[in-house]
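Here are a few notes on this one, for when you have it open. I start with a helix pair and then move on to the domains.

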Amino acid sequence: MTEAPASNSERFYITTPIYYVNARPHLGHAYSTIVCDAIARSKRAQGVETWFLTGTDEHGQKIERSASLAGRSPTEFAAAISGEFRALWQRLNLTNNDFIRTTEDRHKRGVQKLFAVLRDRGFIYKGSYTGQYCVSDELYVDAPPGSPCPDCGRITETVSEENYFFKLSAFERRLLEYYEVHPEFIQPEARRNEVIAFVRSGLKDLSVSRTSFRWGIPVPGDEKHVIYVWMDALANYITALGYGSDDPADQQRFRRFWPADIHLIGKEISRFHCVYWPAFLMAAGLPLPRSVVANGWLLFDKNKMSKSIGNIVRAETVADVLGADALRYFLLREISFGQDGNFTFEALVQRYNGDLANGYGNLVSRVVAMMHRYFGGTVPKAGGAGEAERALQIAAESVIPVYQSQFEARDFSRALETLWGLVAAIDGYLTAAAPWKKPDGRSEEDHRCAQARVLTTAAEAIRVVTALAWPIIPESTAKVWRQLGLGDLAQAAQAGKLKTIAWGSLQPGTAFAEPAALFPRAEKDAIERMLNLENQNNLSAVAAVSQTAEESAAVSNPQVSAEAAAAPEKTKITIDDFAKVELRVAQVLVAERVPKSDKLLRLEVDLGDEKRQILAGIAQHYEPEKLIGRKVVIVANLAPRKMRGLESNGMIVAASIGDEGAPVLAGFLEDVPVGARLK
Ligand code: MSP
């Protein structure tokens, strides 16, 4: 049975991609995961039993190489980075029900079962593959040797191995039919069109095992093969629920939540999720996920934020300075979901101050403070509503369904714009009513009645905003809920009390808690503080690399380092000192002159596992065009620095010749692989 049952309104299963552990988490990863968390929270608030899964993708050649470059075993390396993801998700208040690591036994067992089922059903056969492979994307590329990867532009490697193949070609027609009958399966439309065009251009069978490295899950019964990392990774969505387990509780969870309602993914991995994954599931006789929804990229300096480009910002930095909610709010408000969106510190601080500190935060603290000042913190009985109160009530009541349907349609930015329209309306109402000022000629008693009416109406409207905003800014809305004397908001959501948010639930006699700071205004130095945190982190990352190299050199050559410690030489360096310098082979992909500089060239180089920008003072001696494709030696762990406004991430090694110090680039007579380390 491969047809997904019609959507189940009582249960909901949402997943993030599982993140590679070759690099630490950054804002791009946080974005996808925060979106899933907001959706999961809103489903739970509607009383829907929800399962939210995330995790880490730990096998494959890319991780094996990254670990070896860091001088650590893949097991150790993966555990450390996976731990960072897990800790960050807690820090950002993410409510995932499970966190799967592909190195766990439960996952290995499930993947091996899936492989065996596909083989038993006749969809896997043995053959041999000679062709190109992109290690960075873990993608087979149909192109001649030396071609760049069509997705990331890195040079592909030639692989020639005995492999197991999956009969992907057999699913071409069935997949196209499925997309036709289920237009909601791939979202948004642009991704659906791309995927359909890809499948229409013809599907070849897919190699699903590798024999040239060991870091993966062995093929059951033929252990010299490891299962292709994408088959391994995609299966996490079912193994985490219990696929492959004999335990009845796991089997029940799998039956309960599979198929997934939403696989939320970045747009660059649509093919894996919309072609390979449904084909594997069809072949295994399992139901297909109800939808694969692709988000756009978070850009920084106009490029996709990514470790290989070197333009990442860490989520911790924003959380340290402005709080986790500020980050959550900003990402959902600023980016039109499905499209690419820019991250800038300036826009972040502007939104924070405008919408959160001066907007919602200031509104709440004014109302809570006045409730304490005028009514000792207890909600008074208010007389009949006037015109202004009725207008605010109508505004709130019309915002509720609009906000909810925009949220449901994943138009988070518009949904928040709608909700903050209500924040502005409450603000306007309060300013016009000015309950802190007794108009001339009004009796004390009438003034007190007016104060009671205005403050209870404003507090009620704040209650509505707070309940609706909980999935997006859970920490601060929970504080507000407590200040309004309503108790624990997360518990209220869990107990289904936010299922219907209707006007008029704040009861007289409710005791407000003391006001507590929500969003302290970000001062001028906030951006500088964030930039400093980022710089410090970059430096400590470089130091960590050197440290690892130092440790590993000491381990591999303990005698030398012991001797060096006993008799330090002034003018000579020890092997440990040398090991601190990471010299690597890189290939020049792009070379161009830096405007207004006669000395500098801007180079983009490929290190095998990442791309870098390096500025080199060689423009007077080398024509940029002639450098493209050339292999050079670089110092890879040099702290980044800026020249002419451009960041240089490393240094090219060259001999310095003659009195002028003319540079001659270091190179090799034999062919050397890109990324190789010089020791
Ligand atoms: N491990 C695979 C996914 C396997 S899923 C079975 C992978 N990992 S990844 O770490 O490279 O990227 C995973 C996801 O992180 C992306 O699909 C995307 O959702 C998110 N993002 C990483 N960088 C991003 C941005 N700059 N912007 C938005 N999302 C980004 O691919």
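1. Look at A324, D325 and R328 in helix 12, which meet P474, E475 and S476 in helix 17 (contact means heavy atoms within 4.5 Å; helices are DSSP runs of H or I with at least four residues, numbered from the N terminus). By class, the residues of this contact come out as two nonpolar, one polar and three charged (Asp, Glu, Lys and Arg count as charged; Ala, Val, Leu, Ile, Met, Phe, Trp, Tyr, Cys and Pro as nonpolar; the others, Gly among them, as polar).

2. Before going further: this is a predicted model, where local features need pLDDT of at least 70 and side-chain atom pairs pLDDT 80 or more, while totals for chains, interfaces and linings use all residues. Numbering runs from 1 along each chain as its sequence is written, and side-chain values use heavy atoms, with hydrogens and water left out.

3. How do the two helices pack? Helix 12 (residues 324–334) and helix 17 (residues 474–483) cross at about 115 degrees, their axes 7 Å apart (axes are lines fitted to C-alpha atoms over the stretch in contact; angles run from 0 to 180 degrees between N-to-C directions).

4. On to domains: the assignment gives domain 1 (11–295), domain 2 (342–494) and domain 3 (536–678), with bounds from an automatic or database assignment. The C-alpha centres of domain 1 and domain 3 are 35 Å apart.

5. Nine residues of domain 1 touch 14 residues of domain 3. Together these domains bury about 920 Å², 50% of it on carbon and sulfur atoms (accessible area, 1.4 Å probe, lost on being put together, summed over both parts). On the domain 1 side, four residues are nonpolar, two polar and three charged.

How values were computed
Buried area = accessible area lost by both parts, 1.4 Å probe.
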